[in-house]
Amino acid sequence: MGRGDLTDAEWERLRPFLPVSNGRCGRWRDHRQVIDGILHRVWTGVQWRDLPERFGPWKTVYERHRMWSADGTWTRLLQLVQAAGDAGAEIDWDISVDSTVVRAHQHAAGARTEPPPVSVPKGTKAVEHQGEMPWAKSARPPGEGGAGGEGLGRSRGGFTSKLHLSADGRCRPLSLVVTPGQRADCTQLQTVLAKIRVPRIGPRRPPTKPDSIAADKGYSNGPCREYLRRRGIQHSSPEKADSQAARLRKGSRGGRPPERYKKRNTVERAMNRLKQSRAVATRYGKRGYVFLGTATAAALVIWLRT
């Protein structure tokens, strides 16, 4: 077993959730071998073509990762592992929210604009295009293509993406969102919270909201606070100077200042754990959904090993 490969215990936790072949497209190469190859690339950031031979053909490893990133398999695996942890009362629902900037390598530029998938009504005669049906391509998440559509942008750090995430009280990522590097944190709060999906095992209903949220000044504005109050979520974030001055001008109508928060470092530590994987710390891929799959695979390993 190589460094970074799944241990037998980690494999047994993950194996029941893996997809199985439908028998119509041939047998899949061994899941464990391919997943170890994907995790090796996520950990080291090596080019796909330079994967060691013990993981099998590099194209097989890459295509499996690209397919699972596109159809949401990585996200589903992460949610199922989270559900198993929640069944054992291992999740601390006092969560924290923040973002981190990821520098994009020059190889991440130049993604072609892809047309939207073509839907063909049932019974319509298929028209071939260079030997391939236009709707026969593997599913891709909707996007406009180009740098902005692929979660790439320009910020003070240069050519960057931004990874927004929420983390539980044990420094483990709960949800991930990729945007261009210049996107403000507060614009993604609702999206990050909406992507927390931990299915409950058994008769209990799945959680619809966290117990509390800690965030920094980037989320300390009117719309964010109104959204959290409307959902009945306790939150703690420091006030900006202009917000504090406006509250003081209102006097008794300005409300009480927010409580000090002590657990917000958990999301910082979760980001540090994610960025120990070099393919997450630096973005090499052109497609945004593939990079999101890479970050989700790294988050899955964190859950398996804590």
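**Exercise 1. The largest cavity**

How do the residues of the lining of the largest cavity divide into nonpolar, polar and charged? Work from the predicted model, and give the volume of the cavity as well.

Solution. 

Step 1. The structure holds 3 cavities of 30 Å³ or more. In the largest cavity there is about 90 Å³ of space.

Step 2. List the lining. The residues are Thr 75, Leu 78, Gln 79, Leu 174, Ser 175, Leu 176, Lys 195, Arg 197, Leu 292 and Thr 296.

Step 3. At least two lining residues come from each of H4, strand S4 (173-180) and H11.

Step 4. Sort by class. The lining of the largest cavity has 4 nonpolar, 4 polar and 2 charged residues.

**Exercise 2. Helices H4 and H11**

Determine how H4 and H11 are oriented to each other, and which residues make their contact.

Solution. 

Step 1. Helix H4 covers residues 73-87 and helix H11 covers residues 288-304. The two pack at an angle of about 20°, and their axes are 9 Å apart.

Step 2. Angles under 35 degrees count as roughly parallel. H4 and H11 are therefore roughly parallel to each other.

Step 3. The handedness of the crossing of H4 and H11 is left-handed.

Step 4. On the H4 side, the contact is made by Trp 74, Thr 75, Leu 77, Leu 78, Val 81 and Gln 82. H11 contributes Gly 293, Thr 296, Ala 297, Ala 299, Leu 300, Trp 303 and Leu 304.

Step 5. By class, this contact of H4 with H11 has 9 nonpolar and 4 polar residues, and no charged ones.

Step 6. Compare with Exercise 1. Thr 75, Leu 78 and Thr 296 take part in the contact, and these residues also line the largest cavity.

**Exercise 3. Helix H2 and its two partners**

Find the orientation of H2 to H11 and to H3.

Solution. 

Step 1. Helix H2 (residues 31-44) packs against H11 at an angle of about 100°, with the axes 10 Å apart. That angle makes H2 roughly perpendicular to H11.

Step 2. Leu 39, Arg 41 and Val 42 of H2 make the contact with Thr 294, Ala 297, Ala 298 and Val 301 of H11. The residues of this contact divide into 5 nonpolar, 1 polar and 1 charged.

Step 3. Between H2 and helix H3 (residues 58-70), the angle is about 85° and the axes are 9 Å apart. H2 is therefore roughly perpendicular to H3.

Step 4. In this pair, His 31, Val 34, Ile 35, Gly 37 and Ile 38 of H2 meet Thr 60, Val 61, Arg 64, His 65 and Trp 68 of H3. The contact of H2 with H3 has 5 nonpolar, 4 polar and 1 charged residues.

**Exercise 4. The second largest cavity**

Which element gives the most to the lining of the second largest cavity?

Solution. 

Step 1. The volume of the second largest cavity is about 60 Å³.

Step 2. Its lining consists of Leu 189, Ile 213, Ala 215, Tyr 219, Cys 224, Arg 225, Leu 228, His 235, Ser 236 and Ser 237.

Step 3. Helix H7 (222-230) and strand S6 (234-236) each supply at least two of the lining residues. H7 gives the most, with 3 residues.

Step 4. The lining of the second largest cavity divides into 6 nonpolar, 3 polar and 1 charged residues.

Notes:
Residues numbered from 1 in each chain as written. Predicted model: local features only at pLDDT ≥ 70, side-chain atom pairs only at ≥ 80, totals over all residues. Heavy atoms only, no water. Axes fitted to C-alpha atoms, helices over the stretch in contact; angles between N-to-C directions. Helix = DSSP H or I, 4+ residues; strand = E, 2+ residues; numbered from the N terminus. Parallel < 35°, antiparallel > 145°, perpendicular 65-115°, else oblique. Left-handed = near helix turned anticlockwise from the far one by under 90°. Contact = heavy atoms within 4.5 Å. Nonpolar A, V, L, I, M, F, W, Y, C, P; charged D, E, K, R; others polar. 1 Å grid on protein atoms, 1.4 Å probe; cavity = no way out; pocket = protein on both sides within 12 Å on 5 of 7 lines; lining within 4 Å. Points joined across faces, edges and corners; volume = space filled by probe spheres on them.
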